[in-house]
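Here's a quick briefing to read alongside the coordinates. Take a look at the fold, then go through the points below.

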Amino acid sequence: MTTIVLCERCCTPCSVSPERNEQARLLRHADTGVCVNCAVTAFLRTMEPLASVLAAKGPEVLLNEAAQAQFAAVLAAGFADARADEIDWRVVVAQWDLSDLSTPDGDS
Ligand SMILES: [Zn+2]
């Protein structure tokens with residue numbers, strides 16, 4: 001049975017997976033509704049050294065195929081639930097500056 005919820009960050013409808021890989025070390029399917037693109041964004045913003053590179057060069061570097069291939073390798077190594085081909089990098093970049101769920105800043 002699939003539950004459809006709106007992503008808590010970007011309001012994209014997404015399905016909550018009935019199964020999750022408890023072995024996943026990163027990007028494990030969440031109980032709350034955050035779409036894969038937002039999960040990837042939150043991950044990238046906190047994973048060094050990528051976070052620093054992205055902060056310095058901007059998220060547009062993610063549109064680079066070599067960068068995407070590197071990230072796919074990171075996902076595979078971490079046994080992530082998210083698959084690289086589920087990620088829409090253009091959406092990730094377009095929504096990069098939406099509020100970050102992982103580091104809520106109280107009074108903006
Ligand atoms: Zn989202």
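Which element is included in what covers the buried residues of α1? Helix α4 (89–94) is part of that cover. Keep in mind that this is a predicted model. The protein chain has four helices and two strands, and read from the N terminus they go β-β-α-α-α-α.

**The chain overall**
- Out of 108 residues in the protein chain, 18% are buried.
- Take the contacts in the protein chain with a separation of 6 or more: 64% of them link residues 24 or more positions apart.

**The core and α1**
- The largest nonpolar core is built from 12 residues, namely C7, C14, V34, C35, V36, C38, A39, V40, F43, L75, A82 and I87.
- Helix α1, covering residues 36–46, is the top contributor to this core, putting in five residues.
- The buried list for α1 reads V36, N37, C38, A39, V40, T41 and F43.
- I87, one of the core residues, touches V36, N37, V40, A82 and V92 once residues up to four places away in sequence are set aside.

**A closer look at T41**
- T41 sits in helix α1.
- Why does T41 count as buried? There are 28 other C-beta atoms within 10 Å of T41, and the cut-off for buried is 20 or more.
- Ignoring neighbours within four places in sequence, T41 is in contact with V92, Q95 and W96.
- T41 and Q95 are 54 residues apart in sequence, yet their C-alpha atoms are 8.6 Å apart in space.

**How α1 meets α2**
- α1 packs against helix α2 (residues 50–57) at an angle of about 95°, and the two axes are 5 Å apart.
- That angle falls in the 65 to 115 degree range, so α1 and α2 are roughly perpendicular to each other.
- On the α1 side, L44, R45 and T46 make the contact, while α2 brings L50, A51 and L54.
- Sorted by class, the contact of α1 with α2 comes to four nonpolar, one polar and one charged residues.

**Helix α3**
- α3 runs over residues 65–77, which is 13 residues.
- From first C-alpha to last, α3 reaches 18 Å, close to the 18 Å expected at 1.5 Å a residue.
- How many of the 13 residues in α3 are buried? The count is one, and α3 is hardly covered.

How values were computed. Residues numbered from 1 in each chain as written. Predicted model: local features only at pLDDT ≥ 70, side-chain atom pairs only at ≥ 80, totals over all residues. Expected span 1.5 Å × (residues − 1). Contact = placed C-beta atoms within 7 Å. Core = buried A, V, L, I, M, F, W, Y, C linked by C-beta atoms within 7 Å. Axes fitted to C-alpha atoms, helices over the stretch in contact; angles between N-to-C directions. Parallel < 35°, antiparallel > 145°, perpendicular 65-115°, else oblique. Nonpolar A, V, L, I, M, F, W, Y, C, P; charged D, E, K, R; others polar.
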